Amino acid sequence: MTRKVNLFFYTVIFIIFGLIGYWMPLLGDDLNWGSFFGLHYIPWGIFLKYDGRYLGDLLVIGMTKFRPLAFLAYGLFMTLIVYLVQKIRDTVAPNKKLNLTAATLTTIFILIMPKLIFKQILGWHSGFANYVPSVIFPLFFLYLILKNYDSKDSNYSKKIQYWLLAASLFAQFFAEHITILNVINIIVVYGFFLKHFNENFQKILQMIFIGNLTGAFLMFINGAYVNLIVGHDKYRSIKSAGSTNLFRYLDKTFSQSQIHEFYWLALFFTIFTILLTLRINNKKLKIMNISLLLSAILAIAPFIIVSPFGSRCMFASYVFLITILIINLDGLITPLYRRILPVLLVLMVILGIRMDAISHSYGNTYYWKVQYSRYQNHAPTPRNVHFMLQYRDTKYIWINGPTQDDYNFDLLYAKHPERTKIPVSYQDWTSAMNSLHGKSFKNQHDYLKAFDEKIIQIQKKR
């Protein structure tokens, strides 16, 4: 029964996040990855000088070309994060009864994460491909440490050892700051706490040590980082006056009062976590709190000097911090979980349906934006303008600039660069569609022709 409940629960989470990935539109770099750049990434040797995120790059190429893969990737990687938080909680404080409070809270916190982070993680395939999978290994490594902390004998076969070697190697090819974090984590554990673990698990740590360091070496020998060091990289920089590092990003994005509030909140959370950790007797919980707190800091620290920094870079730290909050909170409400969990489950499903509906709306806009743009390329009526349909809003998607200035979209779907790009508001183009409801058309071409006539009428009235 427990297994069936778990399977059903995680399947629901998989579908919630999978549909977000399936319906979210392709934006900015996504279109480039899914077309010319992605097609030549390997044949032209672009991967040798672009960056060391080899698996993340291949993942975004696949997601932008095959929508079902986006469904699988969003569903799988997000569900793994939720699952690992629950496994950490069960390791810190084992419970004989089925209690999925931690997993439910993790899903809720991800669905309601700050919009600045959401739009560059779940609302942008390029951001998702690198910054979400990279979070999995640090959580998994912490789970292994906690699981084997008091174990006198661990049973890991040779096959599992080699699987972990491969996992620790491949985990290094997604995001640079997490690659560095993985190296720091294994060096600290392997160098200072190795003798605390039994001989079998020491072999596991040895495999992870080899995998993490080898993966980091293979990532950072990429030509992009050589250019970064010598100052020839056009995208990345170290302490460059015009670059957007962490502090410059905060200055550009928030007011001074908001920044001060952020600093005070971060300081309060850090002090509170340390004081709480000092008071508790659970050694595993102590290790978890301090490890995740340090990981949250280390994951964002490189961006003090390295740029560019974007809100996507905060995702790992966000996950680490909410894990501290969730697992400590879960421990407090465990006696009441039978009353609280049903409420949390209902809230999770409601939030999931809401985000799926929002994603579907964005995806529907993207679909008609592409179809209408293709129609205009061959429209029988001569024109010197090209109408670009706008989204309802950009609260949950990553659009860097006005829709009419989207170079990658224009390159793929607007074949007349000499035309003036005119944005059409969401209210206007949906109003035009609503006026066509109930009318029959032989095919989509005829429908788009009628739709185009409505858009032209609306624009003439402006």
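Is Asn 200 buried or exposed? In this predicted model, Asn 200 has a relative accessible area of 19% and is therefore buried, since the cut-off for that class is under 20%. Asn 200 belongs to helix H12, which covers residues 199-220. Apart from neighbours within four places in sequence, Asn 200 is in contact with Ser 154, Asn 155 and Tyr 156.

Asp 356 presents another case. This residue is part of helix H18, and its relative accessible area of 9% makes it buried. Between Asp 356 and Tyr 22 there are 334 residues in sequence, yet their C-alpha atoms are 9.5 Å apart. When residues up to four places away in sequence are left out, Asp 356 touches Ile 15, Ile 16, Leu 19, Ile 20 and Trp 23.

Helix H1 and helix H5 approach each other with their axes within 7 Å, and they cross at roughly 140 degrees. The two helices are therefore oblique to each other. Their crossing is right-handed. Sorted by class, the residues in the contact of H1 with H5 comprise 18 nonpolar, 5 polar and 1 charged.

Helix H5 also meets helix H16. The axes of H5 and H16 come within 8 Å, with a crossing angle of roughly 145 degrees. On the H5 side the contact is formed by Ile 88, Thr 91 and Val 92, and on the H16 side by Lys 284, Leu 285 and Met 288. In terms of class, these residues are 4 nonpolar, 1 polar and 1 charged.

Helix H16 (residues 283-300) packs in turn against helix H17 (residues 315-333), at an angle of about 160 degrees and with the axes 8 Å apart. Why is H16 described as roughly antiparallel to H17? The reason is the angle, because values over 145 degrees are placed in that class. H16 passes H17 in a left-handed crossing. Among the residues of H16 that make the contact are Leu 285, Met 288, Leu 292 and Ala 296, while H17 contributes residues including Phe 320, Leu 321, Ile 324 and Asn 328. The contact of H16 with H17 contains 12 nonpolar residues, 5 polar ones and no charged ones.

The loop between strand S2 (306-307) and H17 contains Pro 308. The peptide bond from Ser 307 to Pro 308 is cis, and its omega is near 5 degrees. As a general rule, most peptide bonds are trans.

The last topic is the pairing of charged side chains. How many salt bridges are counted in the model? The count comes to 3. In one of them, the side chains of Glu 176 and Arg 53 meet at 2.7 Å, N to O. Glu 176 is located in helix H11 (residues 176-192), whereas Arg 53 is in the loop between helix H3 (36-39) and helix H4 (54-65), so this pair ties together parts that are 123 residues apart in sequence. Glu 176 and Arg 53 are both buried.

Another salt bridge joins the side chains of Arg 89 and Asp 330, at 2.5 Å, N to O. Because Arg 89 lies in helix H5 (residues 67-92) and Asp 330 in helix H17, the pair ties together parts 241 residues apart in sequence. Arg 89 is buried, as is Asp 330.

A further salt bridge is formed by the side chains of Asp 452 and Arg 383, again with an N to O value of 2.5 Å. Asp 452 is in helix H21 (residues 444-461) and Arg 383 is in the loop between helix H18 (337-377) and strand S3 (385-389), so that distant parts of the chain, 69 residues apart, are linked. With a relative accessibility of 2%, Asp 452 counts as buried. Arg 383 is buried as well, with a relative accessible area of 17%.

Key: Residues numbered from 1 in each chain as written. Predicted model: local features only at pLDDT ≥ 70, side-chain atom pairs only at ≥ 80, totals over all residues. Heavy atoms only, no water. Axes fitted to C-alpha atoms, helices over the stretch in contact; angles between N-to-C directions. Helix = DSSP H or I, 4+ residues; strand = E, 2+ residues; numbered from the N terminus. Parallel < 35°, antiparallel > 145°, perpendicular 65-115°, else oblique. Left-handed = near helix turned anticlockwise from the far one by under 90°. Contact = heavy atoms within 4.5 Å. Nonpolar A, V, L, I, M, F, W, Y, C, P; charged D, E, K, R; others polar. Salt bridge = Lys/Arg side-chain N within 4 Å of Asp/Glu carboxyl O. Buried < 20%, exposed > 50% of the residue type's maximum accessible area, 1.4 Å probe, protein only.
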